[in-house]
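My comments follow as numbered points, so please have the coordinates open as you read.

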Amino acid sequence: MFKAILLEQEGTQTKARIAQLDEAQLPEGDVTVAVEYSTLNYKDGLAITGKSPVVRTWPMVPGIDFSGTVEVSTNSRFGVGDKVVLNGWGVGENRWGGLAQKARVPGEFLIPLPKGLSARDAMAIGTAGYTAMLSVQALERAGILPNSGDILVTGANGGVGSFAIAILAKRGYHVIASTGRLEETTRLQGLGAAEVIDRQSLADKGKPLQKERWVGAIDSVGSYTLANICAATKYGGVVAACGLAQGMDFPATVAPFILRGVTLAGIDSVNAPLAKRLAAWGSLAQEIDTKIIDAIVSQVSLEQAIPTASLLLEGRIKGRVIVDPNL
Ligand code: NDP
């Protein structure tokens, strides 16, 4: 038996509870993992509270990422005792995920725990840090480098935003952090933000083209914020769109794209191919120091993760929440 968060549907409501489950109930897969850590991502918050239709099959064990040790494997890439990391692939959405003491998945979903990171470090970084790195790498692939100009990061106090600031600052970028929590300015400066702006200045409908302010952006917010970011991006700049904390809509015009040559780069962590995952995690292992991790994470048990999911959606959590299912 193992402990897990179990989501069940009652009418249109999602009910979350702690359950003791039998290993025989785990989904098919050639690798069974003893989960050491999982995390609470925005998407997990949506799944646990039922605020958005993230969960596709019921009952569901949520948790879109985990790290742990292989317990059983018939996959040629992984043997018993190997340390592994999983991000995405629909885990926690359409098949049982990481907010549990055990998980079973196809081996191709897993990557080896990168050298230099502990299982806890890997989940402190989690899908948020991995997505932040995919976003930074997308900007750089498109030619945006530290001497190109300022980079805006939105949702600055969130998981993706916090890691994006830390990664960009360490690489020598001048980072402008946008937040609704200006009282956290010192914390954001500690992560490496050179300037902090009020997210309200980007939140409402704005002009199709605005004063050019940044050459690149990593946006975890979407909606009017993303439209305003594009409208204020300098000629030839690049905007990496990775999230929808304000909304899934994109009420923009094509003006920044056709008059300023701005590029909108979409970032998907869920189905990213193996090569991109390995490149992102390799860079994370080299660049993220444990001091940053300590400044970004807090830790909860499976039981505590259920109420914490609501706080996350209310924007009341700073940085990353890791979940120790064995607490
Ligand atoms: P968090 O909840 O940790 O952070 C989201 C942050 O967005 C908040 O901390 C807050 O930052 C800001 N925010 C919240 N509500 C609003 C609002 N109404 N308007 C403007 N800003 C708001 O989430 P994550 O960092 O884990 O994820 C961020 C987004 O990225 C989510 O939408 C998530 O679904 C998406 N995501 C996408 C991935 C992909 O593969 N593309 C992978 C991972 C995440 P502050 O208080 O500083 O303003």
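1. A residue counts as near a molecule when one of its heavy atoms lies within 4 Å of it. Around the ligand there are 24 such residues, and Thr 179, Gly 180, Arg 181, Arg 199 and Ser 269 come nearest.

2. Before going further, a word on provenance: this is a predicted model, in which local features need pLDDT of at least 70 and side-chain atom pairs count only at pLDDT 80 or more, while totals for chains, interfaces and linings use all residues. Residues are numbered from 1 along each chain as its sequence is written, and side-chain values use heavy atoms, leaving out hydrogens and water.

3. Now to the polar contacts (pairs of N or O atoms within 3.5 Å). In the side chain of Ser 269, an N or O atom sits 2.7 Å from an oxygen atom of the ligand. Ile 267 uses a backbone N or O atom, 2.8 Å from a ligand nitrogen atom. Gly 158 also uses a backbone N or O atom, here 3.3 Å from a ligand oxygen atom.

4. How much of the ligand does the protein cover? On its own the ligand has 910 Å² of accessible area (Shrake-Rupley method, 1.4 Å probe), and the protein covers 87% of it. H2 and helix H3 (159-170) are the elements that give two or more residues to the shell; helices here are DSSP runs of H or I with at least four residues, strands are runs of E with at least two, and both are numbered from the N terminus.

5. By class, the shell has nine nonpolar, 12 polar and three charged residues. Here Ala, Val, Leu, Ile, Met, Phe, Trp, Tyr, Cys and Pro count as nonpolar, Asp, Glu, Lys and Arg as charged, and the others, Gly among them, as polar.

6. Helix H2 (residues 119-141) also packs against helix H7 (residues 274-287), at about 110° and with the axes 9 Å apart. Axes are lines fitted to C-alpha atoms over the stretch in contact, and angles run from 0 to 180 degrees between N-to-C directions. The two helices are therefore roughly perpendicular, a label for angles of 65 to 115 degrees.

7. Finally, two backbone details. A cis peptide bond, with omega about -15°, joins Trp 58 and Pro 59. Trp 89 has a positive phi of about 60° although it is not a glycine.

Methods:
Parallel < 35°, antiparallel > 145°, perpendicular 65-115°, else oblique. Polar contact = N/O pair within 3.5 Å; in protein donor to acceptor, adjacent residues only side chain to side chain.
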